[in-house]
Amino acid sequence: MANKEINRRDFLQMSGMLGLGIAGASTLLSSCSPKQKPLREAGTYYIPELPDKAIDGKEIKVGVIGCGGRGSGAVKNVFAAADNVKIVALGDTFADRLEKLRANIKENYGQEIPDENCFVGFDSYKNVIDAGVDYVICTAPPVFRPDHFKYATEKGVHSFLEKPIAVDPKGYRTVMATARQAKAKNLVVVCGTQRHHQRPYVQAFEKISQGMIGEITGGNVYWNQGMLWYKNREKGWSDMEWMIRDWVNWKWLSGDHIVEQHVHNIDVFLWMSGLKVAKATGFGARHRRITGDQYDMFSIDFECENGVHFHSMCRQIDGCSNMVAEEVFGTKGSWNSRDHEIKDLQGNVIWKYDKEAEEALFEQHNPYVLEHVDAINHIRKGEGLDEATDCAVSCLAGIMGRESAYTGNTVTWDEMSQSDLDYMPAELKIGPMDMSDYVLKTPGTAK
Amino acid sequence: MKTSSKTHFLALLAGIVAGVSLMIVFNTAWTRSSSNESCMSCHAHPESDASWKQSYHYNNGSGTMTECAACHLPPKGTVKYAAAKAKIGAKDIWAYVTKDLESIDWDSKGELEHAQTIVYNESCVACHVNLFPEGITDDGITAHLYYEDNVEKLDLQCISCHLDAGHYNPNYKHGTLKDAPKLSGVIYEKAAEVTEFRNFTETVPGSTAAISMIAVPGGEFYIGSPEDEPFRKADEGPRKMVKVSPFFMGEVEVTWNQFWAFYSETMSEGRTPPSVIYANNTREDIDAVSGPTPPFGIPDQGWGMGDRPAITMTHYAAETFCQWLSLKTGRHYRLPTEAEWEYAARGGTDTPYFFEGNPKKFSEKGFLKGIFKPDTTGIDGYVVYALNSSNRSQEPSEVKANPFGLKNMLGNVLEYCSDYYAEDAYANLDEGELDPKGPSEGEEYVVRGGLYNSDASDLRCAARSCTNHEDWLKTDPQNPKSIWWYSDMKGIGFRVVCDVPENIDIK
């Protein structure tokens, strides 16, 4: 009986302390944060650490697949992001593009890439990944991304995937499955949706997650800009060569600009809101484009699972009003990326990104660099990171918008995620193509 | 005081020792009672033990073994685990003590309907954390993304598609049927000649399919059931007298041999859009129908084909079969109306069944029926149902015909009618109406006759039921979902009706 008494006494003392502790902790917590119902529970979402530079560590051997503008840019960014980085292998469909980047790396970073590590052709991605790289920069035209990601993951290589990472449902599915395999192997996968590493966006995401604008009720996303680059066909270029060199104008290669470029903004709405697109109804047209088979404008009404709508518009025509931005509306206020601020329902600014303060704290503000900082930090710490799943979901939303505009019909998530649509040609080789497959889509059936 | 505290201390120590020992004993018993040996000591099912050893969960490349309790209990360490273990343990002991183990139909316990009550989906996914392993095909990715998107909404189960994961079943194939099974036998050159109103055997030109057709004389009957019929439901009334013209009806439900003849001649490429099929099959000048796309999986459920009723096809597939048969033979084949069906099923009787007996006597529903088993004499030889089917369809040779010479009108598999279902359909019939038809619009179709797992109360001639289209397709991962095959309904088939050709005199 005695031990029971002791137990009871101890228990009473213990519980008294515990009660005090709980009461104290809750007072402490509630006194320092305003009453706000979070949109997401703390700890359930990812906020990247964004130091100016990656931590020191073992040498990172980098391969580059796709040596064009974005590939060259990513090389510059990765050198800025971390020390002890070495570019060890390059691959491209065309030798001239590869040699240009090879010379650039030698001139600016003093690194020489030997002939045996320079690979040309459609299969060059395999050679690059097999050349003993730790981290591969995948910046070939988007249609190839899923296969490149898949092979890198099979070989246990970390990847940077320039967006978009899928241009068709088949590619979407490949990326979704590969992302799980990468996760199982604890690999790092970072995507070129760099707003996820842009300080004002990351801070806004944290505020919205904490509940500053309440529950999400809608939004608008825009990418309206002037005309994009194009290449006229040069003498001696086959159909395939021309299309690849002019890839931002061909839907099978780029996914059209709603996927290729505007996916950034669609992705921001989905990231901030945490919603998933259920339906898309939209239209688009072509007025000014010179080459290719794409539209130059889209306008899409996206409906999410819970009935929340957001509107998306994108245009690539010179001499029109331009804007690249996102807005998210909630039950307590709104956020927009034009001013990087949050307003309450009366229009009062209740939060604003403090640029000056941040500039005093950090030197590096370029999100294209910071995304590699985050990737290399994860690699060096041995921690996996998956940005591909969310990015693929955003890409499929863009694909839904595009298909809706091309056909004139409402398309659903279920129908698109399971669709047979596959933009990859049956055979990849430099030569003539059946160009009747690459023509402008006409919505509806009326003449 | 000193002695006292020392005693207290000793008592405390003894208490702790006793407590820890008890916990060890309890824990050992708790753990041991979930071991394979423990399961198998009572579960006298050597076939299940053997099929488990042949399944991927025992016989696999990794050399690891998945224990009974890993699938047949919720994940360890959850509250549900303890509760389920206690409940299942009690149930099993009760069964072990009170039941004749020889009489348990282990085969049917492996059918999905029962399996999903003894396999815990949360246990599947507790081990299978990555549904997208390396090497998965695009079809696999599509199916697993569909699962993840809809698992809660549609209550999907892993075993809906992977039923043989834990117990190997050589007849269960998770795959796609590429070609129709090869049919042997005489290939008929021309359709049967029908010159008078009597039974005949239809022969389908260019195929091995022969269909025995019964001449059903016209007449009048009461559709529905009297208000005092046991187990009567509201949709079986008001009872009306209606008239039916003579017609021919298949002696048995359309068999696999007959259905494959149709399939192999008309098969459409996989994933042909429904719009293309509808467009072709509604053409005025149609000379060949577009038939089913390949089924997702093997549609006979491993029960066998041949003369067993063809199953799992949609109402549209059944209608298209009739359209094909009409084109091939030059006679007009179709599905029966609900009135024709009930008239044929009754075979001139107006009792609950076409044979003698009270539904109360045959049914498992009712007072004390859980303890005293129902009487099966008098029903057994006429129908394939819950108490004699082994939970699957059977060949027509197993049963006796009704007074018209038709077999399996009641039981075996549900049969499609051409009518849309409406609960109040009979209220809209005129007394004495000739060849009545159901409502002109509707969502679901009438299905009749009950099936192999029906209780005797649902086998009454008047009992009505209907399709449940969305639910019957819930695990179909394709989009659009199949218009030909149901993924989640097994016991559905049909029989054909042939209009009497105009040149035939009916005496």
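Me: In which sense do E1(B) and strand E2 (residues 210-216) of chain B pair, and over how many bridges?
Reply: This is a predicted model, in which local features need pLDDT of at least 70, side-chain atom pairs count only at pLDDT 80 or more, and totals for chains, interfaces and linings use all residues. Residues are numbered from 1 along each chain as its sequence is written, and chains are lettered from A and ligands numbered from 1 in the order in which they are written. Strands are DSSP runs (E, at least two residues; helices are H or I, at least four), numbered from the N terminus, and two strands pair if DSSP finds at least two bridges between them. For E1(B) and E2(B) the sense is antiparallel, over four bridges.

Me: Which residue in E2(B) is the bridge partner of B:Thr203?
Reply: B:Phe200 stands opposite B:Met213 in E2(B). The hairpin of E1(B) and E2(B) has six residues between the strands, and there B:Gly206 takes a positive phi near 80°. The bridge partner of B:Thr203 is B:Ala210.

Me: Is E2(B) mostly covered or mostly open, and how many of its residues are buried?
Reply: A residue is buried if 20 or more other C-beta atoms, placed from the backbone, lie within 10 Å of its own. In chain B, buried residues make up 35% of the 507 residues. E2(B) is mostly covered, and its buried residues number five of seven.

Me: Which residue of E5(B) is the bridge partner of B:Val216?
Reply: E2(B) also pairs with strand E5 (residues 247-250) of chain B, in the antiparallel sense over four bridges. Within E5(B), the partner of B:Val216 is B:Phe247.

Me: Why is one side of E1 and of E6 in chain B left without a neighbour in the sheet?
Reply: Five strands of chain B form an open, antiparallel sheet in the order E1-E2-E5-E12-E6. Strand E1 (200-203) and strand E6 (333-334) stand at the edges, so one side of each lacks a neighbour because each has a single partner strand.

Me: Which elements give two or more residues to the side of chain B that touches chain A?
Reply: Two residues are in contact if their C-beta atoms, placed from the backbone, lie within 7 Å. The contact takes 19 residues from chain B and 16 residues from chain A. The elements of chain B that give two or more residues to this side are helix H1 (2-32) and helix H9 (138-154).

Me: What does the C-alpha trace of chain B span along its principal axes?
Reply: Chain B has 14 helices and 12 strands. Its C-alpha trace spans about 115 × 55 × 40 Å.

Terms used. Buried ≥ 20, exposed ≤ 12 C-beta atoms within 10 Å, placed from the backbone.
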